[in-house]
Amino acid sequence: MKKPRAIVLRTAGTNCDNETASAFKIAGSVSELVHINELVRGEKFLKDFQILAIPGGFTYGDDIASGKILANEIKYKLNEDLKNFINSGKLVIGICNGFQVLVKAGILPGINKGAIESTLSFNDSGSFIDKWVELEPCTRCVWTKGLKETIYLPIAHGEGKFIPKDSDVLNQLKKNKQIVFKYVDNPNGSIDNIAGICDTTGRVLGLMPHPERHILGTQHPRWTREGLKERGDGFAIFKNGVDYVKEKL
Amino acid sequence: MEFKIEIRNRYGVFDPLGNGIKKNIKDLGISGVKKVNVSQVFIISGDISESDAKRIAEELLADFITEEYIIGHKPQAASRKQRIVEIAYNPGVMDPVEESARKAIRDMGIYGVKFLRTERKYYIEGKITENDFKNICEKLLYNKVIQHAVKGEELRVKDAGGGYKFKLITVDMLGADDKKLMKISKSGQLFLNLKEMQEIKKYFKKLGRNPTDCELETIAQTWSEHCGHKTFRGVIDYEERVEGEGSRVKKSRIDNLLKSTVMKVTNELKKPWCVSVFKDNAGIIRFDDEDNICFKVETHNHPSALEPYGGAGTGIGGVIRDILGVGLGAKPIMNTDIFCFGLPDTAHKNVPKGMLHPKRIMKGVVSGVRDYGNRMGIPTANGAVLFDERYTGNPLVYCGTVGIMPKDKSFKASQFGDLIVAVGGRTGRDGIHGATFSSGELTHESETVSGGAVQIGNPITEKKLTDTLLKARDRNLYTAITDCGAGGFSSAVGEMAQELGAEVDLEKAPLKYKGLSYTEIWISEAQERMVLSVPRENLKELMDIFKKEDVEAVVIGCFTSNKRLKLRYNGNVVCDLDMGFLHDGIPRFERKAVWVKPAHKECGPKNKKDFTQDLLKILSSWNVCSKEWVIRQYDHEVQGQSVLKPLVGIKNDGPGDASIIRPKFDSRKGIIVSNGINPRFGFIDPYWMAASCIDEALRQVIAVGGSLKKTALLDNFCWGNTDKPDRLGSLVRASFGCYDIASSYGVPFISGKDSLNNEYSVHGESVSIPGTLLISAISVMDDVTKAVTMDFKEKGNLIYIIGQTKDEMGGSHYNLINNSIGNNAPMVDPRSGLKIFNRTSEAAELGLLRACHDLSEGGITAALAEMAFSGGFGAEIRLKAAPCEAKRDEVILFSESNTRFIAEVRKEDKKRFESLMKGVTIGLLGEVSEKKDFRVYGLQGKKVIDVSIDKLKEAWQKPLRW
């Protein structure tokens, strides 16, 4: 069987592209870094891939608001392509800034297609924070299959406070089991401790923590105390994505 | 039409930014503020309709879940209960949001925007006086160097300078006497001395003409201390005097201090893995069979004093460009930042006129580093923050970057006929005279006179530049590259063309706005620009790479072979200089230097029975206390390479010694970076300060499991005005220390930097910073899985001290908390030191060390306390077991003797460890205990410290829990 193909989308200010591409490679896919201009100008095509990853970073400086300008660009320049991509049963993951993009483009939570139903805003502390957090997985999302215990990943963001539009949206998220990760110890004031959500299909995942930063054992902040593991907790997420494509697509 | 769109939080939405400002207002000592709200204002004009503006506001600018928008200039009445201020950038200062916001509006299909600026609007609720309000504005909300408060309906300047009409300006030097020459130097902010001005006059006399302003500026920049390192390369008459007991006088004449100390180490050691040293933007060493790594640390002190946020940000931006411009360019993979500030609790009335409060400087610097480094996607994984009241008027900001590059990209050479391509950001009026300004001393007028030297960076422009440059490099499309740092095009082109010559058409440089004169274009230090030397046949392919990712690149000239620097503006020659004169015509400095050993008050024995309070005080002292508040704001893990993070231990919050990264996912090879700095030892003797800094940087490398085998050093001297013999004397003495210790340890220097004139003058009196040497170490580690952290790991493990403790309390933190300095600064004995380093390194390699911590500020006790609370374990320690000739508890507890470690060893490894350490001074101090008590028994066998680790940790964490 041909290897699954992951596209890691880049633009000005993307900065977690290499490690995200590496994570997919280690999980068994081909991954390609593609600049958004290449898609917009028709030099590369989304349809040639089965997984779309929007990695972390500060796209366009997070000017105006985090992820907003790339979300705007996707909405105006790639809307149809992306819709077709998702509707054809393929996978999307947005990490950190990528999550912000998916939310601000109205792709997540996707209860009412295209509508903005939630946002990611400034941390309650008012400041950027880099720290490791325990996450409780709670879902049926494709990307988190088989995860039962808490996983340990780093966050690194200034605007990670998840806010649903209203209590209706929050209830829908709960009802549809779209809340994929919850912080055990809320670092940013997110409503209901939400760290990541998926769309109604379970194939589009967005999360603030960085699974691509916990692929190797040496990335764990306490590996010198607790012993060196072969793989970090973030690996399962990439593996799930790649395996899903191998099985289903 | 022009539209003003204000974006503000919806009623009831918590505003974390406003809340942060409220906290800062309280810090200013102003009470009564109930609430602060911040809104973002966009001024947009051009061919856009009202419905366009509404769409922009609704779809792009406002996040309707948390925010709302107001369009129009509705005046809002300030009341006694609410004050409002709107802060805008000064004309000519870059607004980083402008470019991206315009792009987003174009993406929406709205193309008519001609002008876009952003402002911030603050609503301050509560009862405050007019004076309080003024203070809040000036001390917190804006910095007049780059911003102003908008008054009424401000006429917004659309172009910073309006039009520019060419007129060639010449400077009458031929007719000038010495007095006039100095006047020209001073009024032109050239910072050239009389001898240099005379030399320039002589050159033009031969030519029979006066220089143009552009020629004079070019020479001033090339000859500036910042670019030319005149002090280090000059001739020095040095005298050293020790008075009183054991008095001696030593005199010598030093021809080029750099070559006879720091560089000499490297030349003598001839390490085969040193690839490129002291030539290029950064030092390069071998990493593995495919790649080399490079390292550079820069300073950005003066700009950070005036505008901490922009100054620190552009400091980072600058050193990153050093790495992008070393050889044919390297990929930046790690940052390290070291700051020295005044004391955060300085009373506002004690802050010199024209200066910002240390706490504001610190917050500004940290956020500048955060916003630039994080956006660049380079982990800031290592650093230090120091405090001393003498940095109040002149803080120090050291920014360092590590890069990695393929072996065959380590050298560059422009070729005759190559095109000169400017790439990256546009040129503006920002940063005029940075190179010369940083070579002078700060005065209370600096903020008005030299405000133009301060810049705001745009990290995204630099990130785009980085991404595309590395692609062009890998396709071999250019023959040389240099960053536009201090001196702008003048220094970049001047440097690249040194052996060839160059012709540049200045009007071709892309400008941020109209109105720049030819000289301003040439010397502007606008950020995020690089210069490439491109063979003509590669031009198209190169331009395509940049175009694809929206990076601007423009041919501005070409390299010649006539060794002349010829500049034109629309065909008019504005500069025609001989490269030989420009680069070698500078008269050498001849200076006097004197170092007299000072005599300080001794702290003296106190015959105390309990030292618990002393330990708590040391842990809470500004230099020792936790810097977690700083570290957590930096993304120290982006790129996913971190192996040892800056914070370690059971709760990820203990103070790690050095950071380790592993730049390749499929290799266990790693890079260790550490820093040694301790200006307090310099108060006593700069020689031993230098020795201690080297020892400290190396100790940290060893403590995390590294070795000296492939370890290299950087030196970074920040000193006062070296025209003054005492300042220069201590600089010379420190350089001697660098040579002696680094060569005995067999560790080469690969690059360095000096920033002199770090003085601040108030009422004509000059205050110098403490001569501050930063030694940074970089080391290649073969297997990162052997790394060791400093936190205690398991109960029952043995605790050893490695190394001899001596009565060396001079400059110690124990003396600091007892208000004295002392006279016996720690020395370094490289012979025994080398053995200690090598054996400790072997012990780590063999897996015998469960934890290891280097001993520095606070000595044995502070290190043990840190290891205990970081690991969540207590300890039982017996001082009797510590090898020390001085039989005094406080010496063993707190002396800061060099080359010492605390090691945690499993009981079953006792024999192996002790036999490995044969011939090295060690002592078995005690055991890790399960209880949370930290107990130390003195020489008499009685408890001298008894405290819980929670209390220790609280003392350590509290001061900077902001």
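**Reading the labels**

Analyst: Start just after α11(B): there K270(B) takes a positive phi of about 45 degrees. Keep in mind that this is a predicted model.

User: What makes residues of α11(B) count as buried, and which are they?

Analyst: The cut-off is 20 or more other C-beta atoms within 10 Å. In helix α11 (residues 262-269) of chain B, the buried residues are V262(B), M263(B), V265(B) and T266(B).

User: How do you know that the buried residues of α11(B) line one face?

Analyst: Look down the helix axis. The buried residues of α11(B) fall within an arc of 155 degrees, so they line one face of the helix. The face turned away from the buried side carries the exposed residues N267(B) and E268(B). An α-helix has 3.6 residues a turn, so residues three or four places apart point the same way.

User: What do the buried residues of α11(B) pack against?

Analyst: They pack against α10 (257-260), β9 (274-276), β29 (711-718), α26 and β30 (749-755) of chain B.

User: α26 of chain B has S730(B) in it. Why is S730(B) called buried?

Analyst: Set the count against the cut-off. Buried means 20 or more other C-beta atoms within 10 Å. S730(B) has 28, so S730(B) is buried. Leaving out residues up to four places away in sequence, S730(B) touches W595(B), G682(B), P686(B) and G771(B). The C-alpha atoms of S730(B) and G746(B) are separated by 24 Å, and these residues are 16 apart along the chain.

User: What makes β20(B) mostly covered?

Analyst: Strand β20 (residues 553-559) of chain B has seven residues, and five of them are buried.

User: How do you know that β15 of chain B and β20(B) pair?

Analyst: Pairing needs at least two bridges. Strand β15 (residues 419-424) of chain B and β20(B) have five, in the antiparallel sense, so they pair. One bridge joins V423(B) to A553(B). Strand β18 (residues 502-505) of chain B is joined to β20(B) by three bridges, also antiparallel. There, V504(B) has G557(B) as its bridge partner.

User: How many residues of chain A and chain B are in contact, and what makes two residues count?

Analyst: Their C-beta atoms must lie within 7 Å. By that test, 50 residues of chain A are in contact with 52 residues of chain B. The largest share of chain A's side, six residues, comes from α3(A). By class, that side has 19 nonpolar, 19 polar and twelve charged residues.

Note on methods. Residues are numbered from 1 along each chain as its sequence is written. Chains are lettered from A and ligands numbered from 1 in the order in which they are written. This is a predicted model: local features need pLDDT of at least 70, side-chain atom pairs count only at pLDDT 80 or more; totals for chains, interfaces and linings use all residues. Helices (H or I, at least four residues) and strands (E, at least two) are DSSP runs, numbered from the N terminus. Ala, Val, Leu, Ile, Met, Phe, Trp, Tyr, Cys and Pro count as nonpolar, Asp, Glu, Lys and Arg as charged, and the others, Gly among them, as polar. A residue is buried if 20 or more other C-beta atoms lie within 10 Å of its own, exposed if 12 or fewer, and partly exposed in between; C-beta atoms are placed from the backbone. The arc is that of the directions from the helix axis to the C-beta atoms.
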